[in-house]
Amino acid sequence: MILFYCIILLIAGAIVSWIAGKWSPGAARIISLLTVLTDLIATIFFIFIPEEKGTPWLINMKAEWIKVFGINLNFSLDGLSLLLLLLTFFIGIIAIIISWKEIKFRVGFYQFNLLLTLAGITGVFLSMDLFLFYFFWELMLIPMFFIIGIWGDKNRKKAAYKFFLFSQIGGLLMLISILSLYFIHGAQTGVYTFNFGQLTGTMMSPATAYLIMSGFLAAFFVKLPVIPLHNWLPDAYVSAPFSGTILLAALLSKTAAYGLLRFIFPLFPDAALSFAPIGMILGIIGILYGAKLAYAQTDLKRLVAYTSISHMGFIVLGVFALNHFAYQGVVIQMLAHGITIAALFIIVWSLNTRLKTRNLDSLGGLWSNVPIIGSMGLVFAMASLGLPGMGNFIAEFLILLGTFKANVVMASIASVGLLASAIYTLRMIQRIFFGKKQVERKIDDLSILEKSIFGALIIVILWLGLYPNPILDIASPAINKSIIPLQSQSINSVNGSGLSSNKNIYFLH
Amino acid sequence: MSTIDFISLIPVLIIAGAPLLILIIISIFRKYEVVYGITLLSLIISFISIFVILPDIPHNIVPLFTIDYFSLFFSGIILISAFFIVLLSYSYIKQVGGFKEEYYIILLTGTLGAMLLTMASDFILFFLGFETLSISLYVMISFQKAKKLSIEAGIKYLILASASSAFLLFGMALIYTQTGTMEFNTLAIYIKNAGLLSPLIIFGFGMMLVGIGFKLALAPFHMWTPDVYQGSPTPVSAYIATISKGALMAVFIRFFISIQGVKSADFFIVITAIAILTMFVGNFLAIRQQNIKRLLGYSSITNMGFILIILLIGGSRGVQAGIFYLITYFIATIGAFGVLSVLSTRAEDIEKRSEIKGLYWKRPWLAGFFTLSLFSLAGLPLTMGFIGKFYVIFEGVKSGLFLLIFVMIVSSLISLYYYLRVVGALFAKQKPEINNETQLPTISYSGGLALTLISAIILFLGVFPGWLLEIIIKWIVL
């Protein structure tokens with residue numbers, strides 16, 4: 001029940017914060033901060049729970065909801081969701097603190113939307129019932145739509161509609177897939193249920209499995225995003241208020257990655273196997289195309305948005321590489337990318353509030369004006385491009401290692417991505433902080449609050465980079481028990497049925 | 001007529017007696033609030049009486065009435081909808097020029113017609129209910145005699161509805177000529193034994209379909225919808241969108257299921273074609289709309305298309321899904337129209353999208369209610385509209401109606417676009433075009449009560465629909 005309470009707490013906090021906002025904006029902010037803090041502390045306690053015997057879950061909860069359809073409230077926590085929950089609440093707190101200074105208009109309603117988005121994200125990470133998963137997937141959208149549409153910049157309307165419609169289309173395709181799965185399973189076994197555990201291993205013809213999987217992939221690929229479904233991202237990221245952008249970049253994209261890891265392979269082992277090469281290619285396209293677009297930008301916020309696409313490409317690559325190393329890399333990348341992208345957007349925000357501009361052409365030589373922002377920028381730029389010692393290096397290294405095991409050519413092409421990320425990152429830093437000084441007046445450097453946020457972020461990213469073992473230990477059982485056995489099983493079954501083709505040989509290292 | 005006949009007709013009799021009572025009272029003294037109170041009371045008492053007579057159900061009063069759980073459930077829905085509409089009419093009708101109290105009389109007679117329709121198992125009662133409802137609507141639509149648009153809408157509706165009634169009656173007559181019966185069940189037996197249907201019967205069914213299609217605003221009989229919805233007083237638009245369509249849907253469902261229409265391939269094709277056409281027409285015409293009343297009119301067209309799908313699912317399952325979806329559609333539509341009627345002043349209706357811009361910043365609760373109703377119509381999670389859509393998709397996929405379900409999902413997507421635009425307008429930061437000197441009208445208690453209840457129902461059934469679903473599945477078996 002505790003998992004359910006975590007979500008309910010967020011929703012309750014949202015409502016209370018909204019009401020409190022009518023009297024005092026400060027009260028609203030404090031209430032929402034305390035709500036997320038409570039959940040974060042609870043999640044930290046979850047780290048120390050031993051696994052339940054015989055299941056890969058740390059905590060499992062099941063209750064009836066709509067019996068008629070076979071829908072249950074099924075929430076489960078394992079190592080993977082635990083790590084993602086930690087990320088969610090940590091980034092949530094940072095988003096609230098950023099909104100402290102950024103959002104002055106209808107603060108209570110903003111906190112309501114923010115907390116509701118967090119509730120949706122939490123629900124997505126915890127749901128083990130497919131209907132419930134879809135429910136929370138949709139729930140993430142609406143408050144985010146309001147955040148972009150009300151508190152965004154002058155292009156917010158278009159950005160908000162695009163965001164909503166793209167995500168909704170993906171979501172509806174996923175709904176069709178979920179329903180198809182539900183009915184096929186029901187026709188076969190006579191049991192109509194949305195429970196994920198019971199739906200795995202449903203017998204389907206390869207063509208059906210591929211089609212149904214595509215529905216899920218549509219939803220996940222829109223959110224990750226994967227080229228060519230990424231069209232909504234630059235507008236949404238740029239037009240949203242920075243607090244909202246942090247939620248979008250650091251958290252919402254991870255829900256899609258989580259969905260890929262959790263659902264695709266157990267439900268459709270063979271179809272996913274045959275899709276895997278395409279998936280890897282899509283990942284590489286994302287890495288390289290995102291990097292190219294990032295290099296071309298003059299709007300700083302847009303630039304960071306495109307770097308997000310590039311880094312998520314690594315995640316797509318890793319997910320479809322289908323081996324243990326790559327998966328560990330994916331988990332670390334989810335965490336590290338969340339941290340670094342949040343940090344980069346905070347840097348853009350700091351510069352934006354101080355200089356009222358995000359245009360690279362008007363920025364330059366800022367190191368002498370604001371050395372601390374400069375050093376933070378440098379640190380996280382280095383993190384983003386994968387400097388050893390930071391989390392992203394571990395992640396990208398593991399992913400490339402895993403990809404190398406699967407397909408040497410693809411790994412080599414993907415490594416070019418590392419080079420590309422170095423190019424655009426260093427260009428960005430050089431244009432902002434070094435070179436000819438553009439701004440002569442005095443600018444405030446970071447406040448204590450901002451310094452502490454960055455401090456926390458640096459600690460986490462260094463921890464991920466220098467000592468990732470505890471993280472990997474937490475995640476490993478989840479990866480092992482939920483995902484890998486099904487793959488080796490499917491690889492065996494592919495072998496046994498004599499369907500192995502040349503492509504599969506690459507995967508059998 | 002035996003005692004039990006009377007007992008089973010009590011809900012109808014109350015709604016029949018109330019207008020008479022009001023007529024008598026008006027001739028003695030005119031007091032708006034008294035008439036209003038009597039109307040509300042009669043609706044409530046009739047609703048309660050449904051539960052009182054439940055032990056005596058089902059009961060047929062041959063040859064006209066079939067009073068079973070289906071008709072009582074539908075009557076209950078109609079009564080509740082009428083209740084909400086009356087609550088929302090209070091402040092709106094109060095500022096209409098001329099005689100006001102007659103509105104409630106006519107509303108009650110219309111509701112009477114609607115309830116009769118739900119109990120009809122025979123052409124005669126079908127037509128009786130149909131006409132009672134239509135005539136009441138003629139008066140209600142043109143009730144604001146001062147507004148030219150209202151009278152225009154009334155005339156349009158009068159002419160078109162009369163023509164469609166003629167079609168309906170003629171179709172019934174043709175079928176009677178061929179089969180010698182007016183009762184649905186006897187008709188069903190005849191058709192089962194007939195094998196090949198004679199052209200007269202098929203023609204008759206086709207003409208009946210024209211009449212029914214008009215009332216339900218199915219394409220291609222939908223042309224009257226935007227003008228009539230826009231011209232009518234806003235609560236009456238809600239009435240047309242819900243009670244008028246719902247009652248007709250009830251009798252159509254009963255008719256279709258008893259003659260086992262789903263077995264006939266021709267019927268299937270025709271209804272499928274109409275459903276798809278309706279869904280598309282409703283959506284594409286709504287996209288460019290700036291006027292919210294017209295937009296809601298088009299949305300009701302699309303929703304009727306969705307409900308046609310359940311006819312094709314056939315059997316009890318389809319009916320159950322259809323009833324639940326109808327409930328969600330009723331509540332959400334009344335909510336949306338309700339907000340509009342509560343905002344309208346003496347001078348003019350609030351109907352353009354530009355007029356509600358930024359409503360959230362002035363009247364947050366109203367904007368919230370409106371948003372909730374629109375989200376329910378769009379079928380977003382947390383609202384009962386989502387569960388309703390899900391149920392129809394669920395049953396549709398189970399019966400293998402993949403093309404229709406696909407069209408339904410595409411329609412839902414398109415509809416999202418125009419609903420979102422209205423919601424976006426609510427939250428826009430510009431000041432609304434409503435004249436800033438004249439205050440937005442203070443919301444009457446009854447209107448506020450209605451909207452609060454509606455929103456609570458939308459949310460509650462969105463999260464806890466199980467109990468209602470179980471009731472429907474257990475009791476509504478056709």
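The radius of gyration used here is taken over C-alpha atoms, and the globule rule is 2.2 Å times the number of residues to the power 0.38. This is a predicted model, where local features need pLDDT of at least 70, side-chain atom pairs count only at pLDDT 80 or more, and totals for chains, interfaces and linings use all residues. Residues are numbered from 1 along each chain as its sequence is written, with chains lettered from A and ligands numbered from 1 in the order in which they are written.

**View 1. Chain B as a globule.** For 478 residues the rule predicts a radius of gyration near 23 Å for a compact globule, and chain B agrees, at 21 Å. Along the principal axes, its C-alpha atoms fill a box of roughly 70 × 55 × 45 Å. Chain B holds 20 helices and two strands (DSSP runs numbered from the N terminus: H or I, at least four residues, for helices; E, at least two, for strands). Of its 478 residues, 57% count as buried, meaning that 20 or more other C-beta atoms, placed from the backbone, lie within 10 Å of the residue's own. Among contacts in chain B with a separation of 6 or more, 79% link residues 24 or more positions apart; a contact here has C-beta atoms, placed from the backbone, within 7 Å.

**View 2. Where chain B meets chain A.** The contact takes 19 residues from chain B and 21 from chain A.

View 3. Domain 1 covers 1-267 and domain 2 covers 277-480, with bounds from an automatic or database domain assignment. Their C-alpha centres sit 23 Å apart, and 34 residues of domain 1 are in contact with 33 of domain 2. Helix 10 (242-267) of chain A is one of the elements giving two or more residues to the domain 1 side, and it gives the most, with 11. That side divides into 27 nonpolar, four polar and three charged residues.

**View 4. Confidence along chain A.** The mean pLDDT (the predictor's confidence in each residue, from 0 to 100) of chain A is 85, and 93% of its residues reach 70 or more.

Terms used. Two residues are in contact if their C-beta atoms, placed from the backbone, lie within 7 Å. Ala, Val, Leu, Ile, Met, Phe, Trp, Tyr, Cys and Pro count as nonpolar, Asp, Glu, Lys and Arg as charged, and the others, Gly among them, as polar. A residue is buried if 20 or more other C-beta atoms lie within 10 Å of its own, exposed if 12 or fewer, and partly exposed in between; C-beta atoms are placed from the backbone.
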